[in-house]
Amino acid sequence: MSHMPRIAIVGGSIGGLTAALVLRDLGCDVNVYERSTAELEARGAGIVLHPVTVRYFEERRHLDAARVSVSLPWLRFLDRDGSVVHEERTNYRFSSWNTLYRNLLACFDQNRYHLGHEMIDVEQDDRRARLRFANGATTSADLVVCADGVSSRSRAILQPHVAPRYAGYVAWRGTIPESELSPLTLRRLGDAITYHLTAEGHVLIYPIPGPSGELTPGRRTQGFVWYHNYADGGELHDLLTDRTGRRRDSSVPPGRMQDPYVSWVRRYAAATFPPAIAEVVTRTVDPFVQVVLDVAVRRMAFGRVCLIGDAAILVRPHAGAGTAKACSDAWALRDALHEAGGDPQTALAAWAPRQLAVGHALMERARWMGDGSQFRHDWTPGDPRLRFGLYQAGDSVFDTP
Ligand SMILES: Cc1cc2nc3c(=O)[nH]c(=O)nc-3n(C[C@H](O)[C@H](O)[C@H](O)COP(=O)(O)OP(=O)(O)OC[C@H]3O[C@@H](n4cnc5c(N)ncnc54)[C@H](O)[C@@H]3O)c2cc1C
């Protein structure tokens, strides 16, 4: 094999870490630069798995997906009174952001994972790309992979005309240990991903591994996601102003929501959700908000610099495939670099159009799903087009339950 490049990865979350691992294993000299000063934690709660999300564990660590996720045999839609309006078999797997991050990080060399490195500038010439960080440090590499997420600084530098667009609604989310739920609710929710269509969207709920990766029923965590519309402008602005008065961009973390909003969510859930779902929402201590946004670049490759994951294309959550897309970008980049004999520019030129197509198709599908839930109100329980999937609806499934 030809000489493999020195690679700098900006952003050390699931997309950045997956890229770091697969490129390191290809023989590249890889360093990760993460803005956060401490190891990341408690991001985003649940993740619907796609085979590509756990491909690294399965192929390289011989760690079965079953060890990092909860398998659920059923998908159910409940009516307001708790009765089942639709039920079908599934073989989806659900994990948590924490579980995936912890396991990926454990595979990477700590000395090459640089916390407290907020990238503020990237530039390049024919031979190298250079990064500057807010702490004064600089570095250079043959290839820079930017995996710096929804508010990507690298996107702002490389595609300054691309701005996130508010989709018109937010996701209220939260988690609660199963041990804090009543036996009746646990029985109702324990073996399924459970949906309820509300007057103005939908709520879904599913078990994920407990805080230390526990998979046993009763020791897991239940996570809910409730999509609700807020008018752009004043209403959204106030929702995103946290309890200290700070205006947040795209999410307000757990524990930072203003109390009146938390009380309102609990009242709304108690009054309108099926009893089991209402119990989860009303007992969740720190519900939080993530704004649903659309962002799509027209290019992912710029010479020897590229954007992957949410930094490139942010998809709405309904297809359950944002993390999977970031991992797919990483694996495809590894293949392209291998085929190009380690030449970054040749590799990126071949890689970018394919991954752009994957991202744009997913974005359109997820947008169609979201608009159907929130604005057209045309979701039909059991519609196969509503299934989770990365390359197509329904492909986020595993061969073995
Ligand atoms: C409500 C909701 C539900 C979701 N459900 C699912 C699901 O079920 N399945 C799924 O696959 N996906 C899901 N997603 C999407 C998923 O969370 C994201 O797609 C995924 O986390 C993207 O990973 P990433 O590594 O690209 O970016 P991120 O996870 O956002 O990571 C970016 C990293 O870059 C760092 N960073 C930022 N700026 C800088 C800088 N300037 N310098 C250095 N570091 C920087 C950040 O600190 C962070 O660690 C969901 C999203 C939402 C909002």
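**Overall fold and two local sites**

In this predicted model, His377 lies in the segment that follows helix 10 (344-376). The backbone of His377 adopts a positive phi of about 55°, although the residue is not a glycine. Most residues other than glycine have a negative phi. His377 is classed as partly exposed, because 14 other C-beta atoms lie within 10 Å, a count between the limits of 12 or fewer for exposed and 20 or more for buried residues.

At the level of the whole protein, the secondary structure consists of 10 helices and 19 strands. The C-alpha atoms occupy a box of roughly 65 × 50 × 35 Å along the principal axes. Of the 401 residues, 47% count as buried. Among contacts with a separation of 6 or more, 71% are accounted for by residues 24 or more positions apart.

Leaving aside residues up to four places away in sequence, Pro5 touches Cys28, Asp142, Leu143, Gly342 and Pro344. The C-alpha atom of Pro5 is also separated by 11 Å from that of Ala340, although the two residues are 335 residues apart along the chain.

Key:
Residues are numbered from 1 along each chain as its sequence is written. This is a predicted model: local features need pLDDT of at least 70, side-chain atom pairs count only at pLDDT 80 or more; totals for chains, interfaces and linings use all residues. Helices (H or I, at least four residues) and strands (E, at least two) are DSSP runs, numbered from the N terminus. Two residues are in contact if their C-beta atoms, placed from the backbone, lie within 7 Å.
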